[in-house]
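Trainee: I'd like to learn how to read a protein structure, one feature at a time. Can we go through this one together?

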Amino acid sequence: MEAMVTVRMADYKLCTAPNKITTIGLGSCVGIVVYDPGIKVCGMLHAMLPDSTRIRNNSNRMKFVDSGMEDMLKELLQAGVNKRRLAAKLAGGAKMFAFGTENDITSIGDQNVQSAKKMLMRYGIPLLAEDTGKNFGRTIIFDSATNELEIKAVGQPIKMI
């Protein structure tokens with residue numbers, strides 16, 4: 001019987017088939033799924049901010065794309081994934097509030113997406129699919145058995161990537 005693993009904001013978890021993993025409330029936050037299709041192991045990070053070096057109080061490393069990805073990848077490697085087989089999917093990074101000018105606060109979603117892509121490139125992990133940007137929040141569910149990412153958003157059709 002499959003179980004649903006829930007990832008809260010500023011956290012990550014690992015998951016193995018046949019289980020699924022989910023996170024809700026991806027507004028400007030990003031949900032980054034890194035998985036090994038060979039052994040059906042994945043990790044999901046729900047990151048709020050792009051860069052831990054720009055914040056003085058960064059004790060929760062999972063709050064940030066850079067340090068959260070680093071920690072999640074270490075744990076995935078300890079779980080036995082093959083680094084050469086890893087792939088990723090990405091969702092979130094919305095612009096939730098429309099203001100006349102772009103600044104650091106209103107473009108945080110874009111910054112999170114760019115930071116996620118930069119980290120994936122740094123680790124040589126291909127980004128196979130994404131559903132990012134726009135102006136609505138998302139809930140995502142990753143099926144570790146099929147490697148499909150289901151994206152739900154109010155007023156939008158369910159999307160599978």
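Trainee: Which residue in S9 does Ile140 stand opposite?

Mentor: Ile140 stands opposite Ile151 in S9. Before we go on, this is a predicted model, where local features need pLDDT of at least 70 and side-chain atom pairs count only at pLDDT 80 or more, while totals for chains, interfaces and linings use all residues. Residues are numbered from 1 along each chain as its sequence is written, and side-chain values use heavy atoms, with hydrogens and water left out.

Trainee: What do the labels and the word "pair" stand for?

Mentor: Strands (E, at least two residues) and helices (H or I, at least four) are DSSP runs, numbered from the N terminus. Two strands pair if DSSP finds at least two bridges between them. Here S8 and strand S9 (residues 148-152) pair in the antiparallel sense over five bridges. Another spot to look at is Thr139, which sits opposite Lys152 in S9.

Trainee: How many residues lie between S8 and S9 in their hairpin?

Mentor: Four, and Asn147 in that turn has a positive phi of about 65 degrees. S8 also has strand S3 (residues 20-26) as an antiparallel partner, over five bridges. On that side, look for Lys20 opposite Asp143 in S8.

Trainee: Why is strand S8 called largely enclosed?

Mentor: Count the buried residues (buried means under 20% relative accessible area, exposed over 50%, partly exposed in between, with a 1.4 Å probe and protein chains only). Five of the six residues of S8 (residues 138-143) are buried, so the rest of the structure largely encloses this strand.

Trainee: What is the strand order in the open sheet that holds S8?

Mentor: Read it as S1-S3-S8-S9-S10, five strands with mixed pairing. Strand S1 (4-6) and strand S10 (159-160) are the edges with a single partner strand each, so one side of each has no neighbour in the sheet.

Trainee: And the open sheet that contains S4, what order does that one have?

Mentor: That order is S2-S5-S4-S6-S7, an open sheet of five strands, again with mixed pairing. Its edges are strand S2 (11-16) and strand S7 (127-132); each has a single partner strand, so one side of each is left without a neighbour in the sheet. Inside it, S4 and S6 pair in the antiparallel sense over six bridges, and Gly92 in S6 is the bridge partner of Val30.

Trainee: How do I describe two helices that pack together?

Mentor: Two packed helices are described by the angle between their axes and the distance between the axes. The axes are lines fitted to C-alpha atoms, for helices over the stretch in contact, and angles run from 0 to 180 degrees between N-to-C directions. Helix H1 (residues 65-78) and helix H2 (residues 108-122) pack at about 35 degrees, with axes 9 Å apart.

Trainee: Which residues in H1 and H2 meet?

Mentor: Contact means heavy atoms within 4.5 Å. From H1, Val65, Asp66 and Met69 meet Asn112, Ser115, Ala116, Met119 and Leu120 in H2.

Trainee: Which residues touch the most other members of the largest nonpolar core?

Mentor: A nonpolar core is a set of buried Ala, Val, Leu, Ile, Met, Phe, Trp, Tyr and Cys residues joined through side-chain atoms within 4.5 Å. In the largest, with 21 residues, Ile32, Val34, Val65 and Met69 touch the most other members. H1 gives the most to this core, with five residues.
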